[in-house]
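Colleague: I am new to this one. Please take me closely through a single part, step by step.

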Amino acid sequence: MGIKEIFGAGMAVCLCVAGAHAAGEWRSAAKAAAGAAVKETLPEQAGKAPDSVIAAIGGTTITQADLDSRLNTLIALQQAGLKSDLSDRAKTALKNQLQKSALGDMIDMALLDQVAAKKGIQTSTATVDSGLEPLKAAAKAQGLDFDAFCTNRLGVSSAALTDYLTKKTIAQDILDQEVRDRVTVGDSEIDAWLKANPDSTRAGAERVLRLQKTAAASAEYLAALRAATPVSTP
């Protein structure tokens, strides 16, 4: 898992697609599906006290401090992929841009975490460590240990990054179990894709179609979870 996959917004499945054309099709599908899963009516959070509850999902609450921590983590991951530091102005603009989608993502993660708790699903330490490898490699390249790299270069703690990746991995595991195995792609669908995209290979077409259908199914699954669970944004 690379930095881009860790940073990816929304709950759409982050998978690699062979070929630039296929990757472009997947990004479009993932963006559309993620947008459908996140409410755009979330309230503005500016000026709220850190302990203010900004979302309640069943028995789980999200405070302004939780959202601020998540935004700082997302910005840190974005910065990790850049050669130079983001300016304070750029960080503020990015926070404003990410605020609604980040809160929607946190709500979705809370819903999926509740499903994981009911089903006894946990993610392995090895999986989380693997996801952190790109960041650890970046720290090593700069001659820093991982904790110092996170604190001094990214502006967040290594614990915050690990917590985020753990929750993201658990959420992805739930989606994998609940959605991916139910998705099928028929020969007629592949034939239609190849007719519209003659430069694609059959294997590439199958991958893109599976990813598109998985993204759509993930959005539908999350919408159903939201409908079945009390979610409020006071």
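**The sheet and what packs on it**

Modeller: Strand 1 (residues 53-57) and strand 3 run antiparallel, with two bridges joining them. Strands are DSSP E runs of at least two residues, helices H or I runs of at least four, numbered from the N terminus. The model is predicted: local features need pLDDT of at least 70, side-chain atom pairs 80 or more, while totals for chains, interfaces and linings use all residues. Residues count from 1 along each chain as its sequence is written, and side-chain values use heavy atoms, without hydrogens or water.

Look at A56. Opposite A56 stands S232, in strand 3. Now widen the view. The sheet is open and has three strands, in the order 2-1-3, with antiparallel pairing (at least two DSSP bridges per pair). Strand 2 (60-63) and strand 3 (231-232) are the edges. Each has a single partner strand, so one side of each lacks a neighbour in the sheet.

Helices pack on this sheet. Helix 3 (residues 64-80) touches strand 1 and strand 2 (contact: heavy atoms within 4.5 Å). The direction of helix 3 makes about 70° with that of strand 2. Helix 4 (residues 88-119) touches strand 1, strand 2 and strand 3, and its direction makes about 35° with that of strand 1.

On helix 3, the contact includes D66, L67, R70, L71 and N72. On helix 4, the contact includes K91, L94, K95, L98 and Q99. Among the buried residues of helix 3 are Q64, L67, R70, L71 and T73 (under 20% relative accessible area, 1.4 Å probe).

Follow Y221. Beyond its neighbours within four places in sequence, Y221 contacts L112, V115, I174, L175, E178 and V179.

Note on methods: Axes are lines fitted to C-alpha atoms, for helices over the stretch in contact, and angles run from 0 to 180 degrees between N-to-C directions. Buried means under 20% relative accessible area, exposed over 50%, partly exposed in between (1.4 Å probe, protein chains only).
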